[in-house]
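Let us read this structure together, one feature at a time. Please keep the sequence and the model open while we talk.

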Amino acid sequence: MKTAITELFGIEHPIIQGGMHYVGFAEMAAAVSNAGGLGTITGLTQKTPQDLANEIAKCRDMTDKPFAVNVTFLPTVNAPDYPAIIKAIIEGGVKAVETAGNNPVQVLPYLKDAGIKVIHKCTSVRHALKAQEIGCDAVSVDGFECGGHPGEDDIPNFILLPRAADELEIPFVSSGGMADGRSLVASLAMGAAGMNMGTRFIATKEAPVHENVKQAIVDASELDTRLVMRPLRNTERVMTNDAVERLLEKEKRLGDELKFEDIIEEVAGVYPRIMMEGNMDAGAWSCGMVAGLVNDIPTCKELIDRIMAEADEVLARVGGYQNAA
Ligand SMILES: Cc1cc2nc3c(=O)[nH]c(=O)nc-3n(C[C@H](O)[C@H](O)[C@H](O)COP(=O)(O)O)c2cc1C
């Protein structure tokens, strides 16, 4: 399947693995890229720019296909050294960057000068248009369903994607709630040139996370995510657990008085304990509603091949209806 996205990134299938904290290591990115999609290393998971440079080199050893690095601009406790991160990406010869969280205008000129393709992930049409205006090559349109940060507008993809298609000139991929061939065909129908997945890729053999995390996604239904940190205007969709229910109780009790310090125990520094040690109640971790559609733990190649075969079947079936009418 050739689309504007496969052409832009030089990949075989229009499927991207979004950056994921403590999941997007070289093993994950290389597995997705080797399967014909675009894998992504999560820049901020690496403790220093030198660590990121090493992770990029490791990924290059594991695949000769293109892969991306995610650079997230989010409120964090200690601001990362973004110039050094960008330098590591450029010097590492990376060809694609996924930016997210905030307007990437300050880093864009350096990436563009180095010939790097930039896809900006955003949750609203106005931010997508801004990304287009400042020179991003593509956008990843992240609907309310998504795992991670859905923004504050709460617009699901059935509305957001066609709205993006009506306004944008640059290509975009759907993101949030995507799992299978049906998702891909629906995304194409709504004007996207491919799809981005997060949660679905965690439940794969190669995802370098504890088995408990994969099993939690397989076991979860579409009812098992919660929105946290809305009072701080930093909304995150997470898998529910004891820590999340405690966090929500604090939000309810403190109302407008809530400060980040009040919930630090449930959200700060919890990812290593969850993703690496498999301590599933350690705190809040991002997970999409799409967990309800995830029922197995295939390899990335099995997953991507299955998505493409299913997309063909769906297209044939939809075409059939059209012919019947
Ligand atoms: C565990 C996890 C961690 C994530 N971490 C990041 C991150 O660090 N930066 C980012 O831009 N997006 C992050 N995301 C969002 C994903 O890249 C992707 O946009 C999202 O998962 C899409 O929704 P889906 O989970 O329904 O597929 C994360 C998602 C998950 C599930």
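Q: Which residues is Ile 202 in contact with, leaving aside its neighbours within four places in sequence?
A: Two residues are in contact if their C-beta atoms, placed from the backbone, lie within 7 Å. Here Ile 202 is in contact with Met 20, Val 23, Ala 207, Val 209, Val 213, Lys 214 and Ile 217, once neighbours within four places in sequence are left aside. This is a predicted model, in which local features need pLDDT of at least 70 and side-chain atom pairs count only at pLDDT 80 or more, while totals for chains, interfaces and linings use all residues. Residues are numbered from 1 along each chain as its sequence is written.

Q: Which residues of the largest nonpolar core touch the most other members?
A: In soluble globular proteins, nonpolar side chains tend to be buried together. A nonpolar core is a set of buried Ala, Val, Leu, Ile, Met, Phe, Trp, Tyr and Cys residues joined through C-beta atoms within 7 Å, where buried means that 20 or more other C-beta atoms, placed from the backbone, lie within 10 Å of the residue's own. In this protein the largest core has 93 residues, and Ile 202 is among those that touch the most other members, together with Val 97, Val 139, Phe 172 and Ile 217. Helix α2 (residues 26–34) gives this core its largest share, six residues, a helix being a DSSP run of H or I with at least four residues, a strand a run of E with at least two, both numbered from the N terminus.

Q: Which residues come nearest to the ligand?
A: A residue is near a molecule if its C-beta atom, placed from the backbone, lies within 6 Å of it. Of the 29 residues around the ligand, Gly 18, Ala 100, Gly 147, Gly 198 and Gly 288 come nearest. At least two residues of this shell are supplied by each of β3 (67–72), β8 (195–197) and α9 (199–202). Since both domain 1 and domain 2 give residues to the shell, the ligand, too, lies between them.

Definitions and conventions:
Domain bounds come from an automatic or database domain assignment. A residue is buried if 20 or more other C-beta atoms lie within 10 Å of its own, exposed if 12 or fewer, and partly exposed in between; C-beta atoms are placed from the backbone.
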